Amino acid sequence: YAEDGYRLWQRYDLVKDAKKLKEYQGRVQQVVIEGSSPTLTVAKQELQQGLQGLLGKNIGNSNMLKQANSLLVGTPQNSPAIAALNLNQQLGSVGKEGYLILTTTVNRKKATVIAANSDVGALYGVFHFLRLIQTHQPVDQLNISNAPKTQHRILNHWDNLDRTVERGYAGFSLWDWHKLPDYIDDRYLEYARANASIGINGTVLTNVNANALILTKPYLEKVKALADAFRPYGLKVYLTARFSAPIEIGGLKTADPLDAQVQAWWKTKAEEIYTYIPDFGGFLVKANSEGQPGPQNYKRTHADGANMLADAVAPKGGIVMWRAFVYDNEVPEDRIKQAYNEFKHLDGQFRKNVMVQVKNGPLDFQPREPFHPLFGAMPQTPLMMEFQLTQEYLGQATNLVYQAPLYKEVLDADTHAKGAGSTVAKVVDGTLHNYQLTGMAGVTNIGNDRNWTGHMFGQSNWYTFGRLAWDHTLTSEAIADEWLRMTFNNEEKFVSPVKEMMLQSRETLVNYMTPLGLHHIMGWSHHYGPGPWVDKKHRADWTAVYYHRASAEGIGFDRTASGSNAIAQYFPPVAQKFGNLATCPEEFLLWFHRVSWDYKVKSGRNLWDELCHRYYAGAEGVKQMQQTWNAQEANVDPERFRHVKTFLSIQEKEARWWRDACVLYFQSFSKRPIPAGLPKTD
Ligand code: GCW
């Protein structure tokens, strides 16, 4: 049938390599799952479907270990055969959600065992095992012990109740509120299944620009239906809480978090939610940012607001994710400093079940930003990472950008909070400050397009998020490799060049959009396409010119001590590195410094020439992506080949648009010629 990307990375097509196929068939002759639960049923179905597809034969399910080469799945609690293996010590190290995959003998017969402490751990192990076959790995001597590095691995949907999606570029919201609670669309199950396959264990269903109606009875009944559908897959449901809900749907006069009536209202509301959804995860809140209501409306702090909600969900084990994405354009301060200014001093004031959710960078999901200075700065407050999968500032759904290198760059950045090696990843996984709560959030790129993410390659960012939230030590390369093999095929002639294309794609995009540390020069409000110029309709100090500050002398935002001094928010070794022109990494040059057009960069070119060079190299890079892809026509099905090819031609056009718009605009300040010999074929 037509390949439309609906099957994501869960394709389970027959293993083409005959030798491998035989090997796998020999190794898995029977599936044994002794226990029974909704989650184990899912595991059983997944193995049935997966093995049938991959191995081309129906592998029987049995409760008995009748033959050699069985695949035994379960926990010591629900499987006597697993209990008999005495794996307690090894299982002790994988926690609630981890698993072991072992090649061993059971009843003196060769077997593969997937053992865990919970059914969902076993399910994650099943997906891992299937992935090994999907990616043609050996499965005859397995000794895998795997556990997630962060506890809460959560998708954030910015979905509105009318099904529009804020910054969503893949159709409308998946949640068909009109037909819920009675109609459970198959897509909900496919969605949960895809998330389980990469270890995502939570989903916030609604936009952070929240609508209080989601907390009313008719909607809670619908949310319950979704939560019930997701539960077998280990996927918990969370909601966004509109801070003014007590006024809007509760009939109160205030939403002041220190008001006893308001506190009581939220407690009762939480209790009500738990009657529908006994394992409700908790709330995600955007407060006092971009016009959203919050505790500051009542002269209270973010901690006061978060704690009130935290107290309401605490009795049932719920958590609150309170966002640090706050800024106010009435505040005469460099926008990127505001979150740190508002949150740092609150360290230690939050309840134990609160996490402060921090975007990867201090501005707003730019193609490249330095890491957010709050990471490392709040040792007593668990900080949750917020990445954006949906490509708001990255060409949206028509540009191919594999974001693993972006996420990894941030996770691997060294905060120096406790000396060298204090990476952002160690803050987020809790090891640096011994956080008791840990998590990673991904603002999702999913909508109701047949292929889920608009661009086929957008799926790789969903996949990457799950994989990195589970294990941030995975490399961008390894993740791309897996994803390509599972999503397309295992042929080296396909995987290797296309992987290279993916790995380069983010740098290429940075080059044609915002090279050398430029930022927020996208079109006003929609953020699509270039818009570095003054926009007469809007305040000059809050448009692109505020960020790039180009003039006849030079370009860039001085964030050193002579400017906004944002660098002072970093720990001294980082502040010194960024603050000193000689040591500031060139990719952040114009983020932290204002430099003259003549300034010599590392390539030996002056700044103007280098800027032109990067823009041209970026546009050229997209042409190379096209060449790489076009050479794959024989290796990909015609539908997906055409889909990606068409999007690449849009991207190529847009890259030139960006290049020409920015170079010509900045040239009106630099008054210099476009240098000769730039990489350019058109
Ligand atoms: O990235 C910006 C977006 C807003 C978004 C906001 C946020 C949900 O432009 O659309 O609002 O960030 O993260 O709250």
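The structure is a predicted model, in which local features need pLDDT of at least 70 and side-chain atom pairs count only at pLDDT 80 or more, while totals for chains, interfaces and linings use all residues. Residues are numbered from 1 along each chain as its sequence is written, and side-chain values use heavy atoms, with hydrogens and water left out.

The protein holds 21 helices and 16 strands, where helices (H or I, at least four residues) and strands (E, at least two) are DSSP runs numbered from the N terminus. Its radius of gyration is 26 Å, which agrees with the value near 26 Å for a compact globule of 682 residues; the radius is taken over C-alpha atoms, and the globule rule is 2.2 Å times the number of residues to the power 0.38. Along the principal axes, the C-alpha trace spans about 80 × 65 × 50 Å.

Of the 682 residues, 63% are buried, a word that means under 20% relative accessible area, with exposed over 50% and partly exposed in between (1.4 Å probe, protein chains only).

Helix α21, residues 638-670, has 33 residues and reaches 47 Å from its first C-alpha to its last, close to the 48 Å expected at 1.5 Å a residue, the expected span being 1.5 Å times one less than the number of residues. After α21 comes Lys671, with a positive phi near 55°.

Ser564 lies in the loop between β15 (554-555) and α18 (572-579), and it counts as buried because its relative accessibility is 15%.
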